[in-house]
Amino acid sequence: GAGVAAHLADPAAPLGAVLLMEGADPVRDADDLSFWVGAGVRVLGPAWGRTRYAGGTDAPGGLTEAGRELMAAMRSLGVALDASHLDDAAFWEALAFGTRVVATHANSRALVPGNRHLSDAMARAIGERDGVIGLVLLSPFLRAGWGPGQPRAGLATVAAHARHYARLVGWDHIGLGTDLDGGFGQEKAPAGVDRYRDVGRVLEVLPAAHRAAVAGGNWARWLTRYL
């Protein structure tokens, strides 16, 4: 936390990065986690689809025995949980271990069905644990039924997910979690976001009083407090 705070306070500091592992397959077992912590990993998502640790996107299931051992090791080593891809059963089991939790890139199931997205109860649970939920800028995750060849989802759909979360957990627990990391291109990004430098346009459709917090302030607070 102190290192993060010092970095954020230095106007001459280079761009910072926090290492997150999405899908825990590279971790051979719970005993191997200390190696990854030594290599810099501070946040871990046990699943993407199903892994040997947990059920995930489109792959229902809870934690496996190996997953429970991994969660215990994460708690012991201070590795935060990214719940973005966990299936519901695995999500609730994982939270019982008491690790710090975020959902770095997960939209609302109330607006787009499917276990890739957070139910209202899941979102509330993250907020109650002082976690942050990152908004995903992917058209099929923004508008139910979106498919290739259709007009891209508009920025208003991003605002709809943000406002829904705000009603559940407050604006202090919402951030950007774009997922614009090479998994999809302009054709699936919201209309108006044609390059990464356009991500700031998302803030224009949010309440002015909360833009700075969503833009990065909430993530900065969480990183400073919990890493």
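**Close-up views of a predicted model**

**View 1. The surroundings of S139.** The backbone nitrogen of A153 lies 3.1 Å from a polar atom of the S139 side chain. S139 belongs to helix 6, residues 139–142, where a helix is a DSSP run of H or I with at least four residues, numbered from the N terminus. S139 is buried, with a relative accessible area of 0% (buried means under 20%, with a 1.4 Å probe and protein chains only). Not counting residues up to four places away in sequence, S139 touches W146, R152, A153, K188, A189 and P190, contact being heavy atoms within 4.5 Å.

This is a predicted model, in which local features need pLDDT of at least 70 and side-chain atom pairs count only at pLDDT 80 or more, while totals for chains, interfaces and linings use all residues. Residues are numbered from 1 along each chain as its sequence is written, and side-chain values use heavy atoms, with hydrogens and water left out.

**View 2. Helix 4 against helix 5.** Helix 4 (residues 88–95) and helix 5 (residues 120–128) pack at an angle of about 25°, with their axes 11 Å apart. That makes helix 4 roughly parallel to helix 5 (angles under 35 degrees count as roughly parallel). On the side of helix 4, D88, F91, W92 and L95 meet A121, M122, A125 and I126 of helix 5.

**View 3. M122 in helix 5.** M122, which is found in helix 5, is buried, with a relative accessible area of 0%. Leaving aside neighbours within four places in sequence, M122 is in contact with L86, D88, F91, W92 and R109. M122 and W92 are 30 residues apart in sequence and 8.2 Å apart in space, C-alpha to C-alpha.

Methods
Axes fitted to C-alpha atoms, helices over the stretch in contact; angles between N-to-C directions. Helix = DSSP H or I, 4+ residues; strand = E, 2+ residues; numbered from the N terminus. Parallel < 35°, antiparallel > 145°, perpendicular 65-115°, else oblique. Buried < 20%, exposed > 50% of the residue type's maximum accessible area, 1.4 Å probe, protein only. Polar contact = N/O pair within 3.5 Å; in protein donor to acceptor, adjacent residues only side chain to side chain.
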